[in-house]
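User: Please take a close look at one part of this model and describe it in plain words. I would like one connected account that starts with the detail and then sets it in the rest of the chain.

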Amino acid sequence: MTTRRAASAALFVFALLPALAAGKTLRYASQLDPQTADPHAANLLATARLVQQVYDPLVWRDKNWKPIPWLAVSWTQTSPTVWRFKLREGVKFHDGTPFTADDIVFSVERTLAPTSQMRTAIQGVESAKKIDAFTVDLILKEPNPALLHHLTNFRIMSKAWCVKNRVEKPQDYKNKEETYTVRNANGTGPFVLKEWTPDVRVRLEQNKDWWGHKEKHFESNITEVVMLPINSSATRLAALLSGEVDLVIDPPTQDVARLKSNPQLSVLAAREMRVQYLTFDMKRDELLYGSEKQKNPWKDLRVRQAVAHAIDADAIKTKVMRGMSNPNGSVITDLIAGYDPAGDKRLPYDRERAKKLLADAGYAKGFDVTLDCGNNQPASDICQAVSAMLTQVGIRTRPNIIIQSSFFPKIEKYDTSFYLLSWGGGVTSDALYTLNALLHTVGTKGEGDFNMGRYSSPEMDKLIDRVKGENDPVKRNAAIRDALVLANRELPVVPIHQPVIPWVMRKNVSAWYSPVNTVYFYRARID
């Protein structure tokens, strides 16, 4: 897009903004629109960036990313499998309904429902029991030493509001169900969802009755937030440079150096607790989207090793990420509890070795396959680069770049042979969250919720189950290490890198940089 066209597009975006209300309005732009406002329906970053402004958890994080009281003011363990939480009194939902233990019991039941993607947020919990109006027990099927970390991602809904609007169960996101919670919300959080026009804007207003004001959690002077989904990178930056947008969360990596030199802007950048990786369909006996119909090449370890040898992660870092990534070989980063370098070994880039492994596996002439990817940046550029690298060794790869709203439902229905995705383990900052979601055999209670390649290993399941219930930190970390080493050896996924994420904003804007690439508006200011 030319500079003139980008500027014109930016003016069009500005025309969509509502008249600024009295107070401070933050105009925030991202390439992605939230997929749903249902806090239990979709475990996706763009959705979390919205629902975490509106819905509060029982336990949250300080600026050192340590768990702190939130809707729960204190907790104790009455037994290894029972946690008792004392709830904050005087809290109200945005519609004025009082918050009580009934809402916790209801939210647990809703989060455990079959259509929920957030079961990992209450890992190990099988039920909740009301003790009195402001005391609740969470009952676990097995001990979970990392429960508090998981609960930071457990968002609380109003039972009365859900019953009134017939949304007692989460939206079935993968089948694109439309329910009242898709575009409406009613939490206890610092901002109220006032308007959502899909693909145009989301408008939030400060919750002046938020309990966090009295507790000094609200550090912001922002009274309104307008979240703008602007898919075009050039248009997002033109709007920022012209002053029509205050903050862009995902500037193109190739523009970061130029943006840093602009005296009107400031850039924050740090490593995210996220890993970009490739996953294979390990379940079918053929390639659903590929040339091999007699057998599935991905089931042969040598073929998966060939993929790993064919990926030049350093070239991706230099040419695609412009230095803003750290190549790695583990499904978790060194910022996650349980990380062990023994499980972070990359196979070296070696095209000749990749070709030999393919030949040894019976694919000397290679084969064709489709690689499914989302259309967000930089993932779509990584997809193109990976496809070219694999084609060079004989795995003739066709990149299939799909809009985000269709990409996730497609792979969640296992309608894929090969896909590129990233996973943010920083939500809990504990290895169990990633291991259970990506590497455990698919189950009915959150196991393998994002294992869309349907990898299944009894040895891996046994290790992950040991991690779930082991209270001895040394033994638990040993089980995590063994699981990471096994993943390195079996390669059900091929990690590429950990991204370094830049935010760019006007000089008068300040925001706390979170390790999960989310702007928490109650910790942002306009001066």
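Analyst: **Where the two domains meet**

Between domain 1 and domain 2, two salt bridges are counted; the model is a predicted one. R119 forms a salt bridge with D449, and their closest N and O atoms are 3.0 Å apart. Side chains of opposite charge can pair when their charged atoms come close.

To place this pair, look at how the chain is divided. Domain 1 is made of two stretches, 24–264 and 507–526, while domain 2 covers 274–499. The centres of the two domains, taken over C-alpha atoms, are 28 Å apart.

On the domain 1 side, 32 residues are in contact with 35 residues of domain 2. About 3000 Å² is buried between the two domains, and carbon and sulfur atoms give 53% of that area.

The side of domain 1 that touches domain 2 has 16 polar residues, 10 nonpolar residues and six charged residues.

For the model, the count comes to 28 salt bridges. Another pair is R27 with D246, whose closest N and O atoms are also 3.0 Å apart. R27 lies in strand β1 (residues 24–30), and D246 lies in the loop between α7 (233–241) and β11 (247–248), so this pair ties together parts that are 219 residues apart in sequence.

The UniProt record, an unreviewed entry, lists residues 66–443 as "domain: Solute-binding protein family". Over that range the chain is 26% helix and 25% strand, with the end C-alpha atoms 30 Å apart.

Two details of the backbone complete the account. Most residues other than glycine have a negative phi, and most peptide bonds are trans. W65 has a positive phi, near 65 degrees, and lies in the loop between β2 (59–61) and β3 (67–69). The peptide bond from Q377 to P378 is cis, with omega near 5 degrees. P378 lies in the loop between β15 (367–374) and α12 (379–393).

Methods
Residues are numbered from 1 along each chain as its sequence is written. This is a predicted model: local features need pLDDT of at least 70, side-chain atom pairs count only at pLDDT 80 or more; totals for chains, interfaces and linings use all residues. Side-chain values use heavy atoms; hydrogens and water are left out. Domain bounds come from an automatic or database domain assignment. Contact means heavy atoms within 4.5 Å. Buried area is the accessible area (1.4 Å probe) that two parts lose on being put together, summed over both. A salt bridge is a side-chain nitrogen of Lys or Arg within 4 Å of a carboxyl oxygen of Asp or Glu. Ala, Val, Leu, Ile, Met, Phe, Trp, Tyr, Cys and Pro count as nonpolar, Asp, Glu, Lys and Arg as charged, and the others, Gly among them, as polar. UniProt positions are given in the numbering used here, feature names are shortened, and annotations may be inferred rather than shown by experiment. Helices (H or I, at least four residues) and strands (E, at least two) are DSSP runs, numbered from the N terminus.
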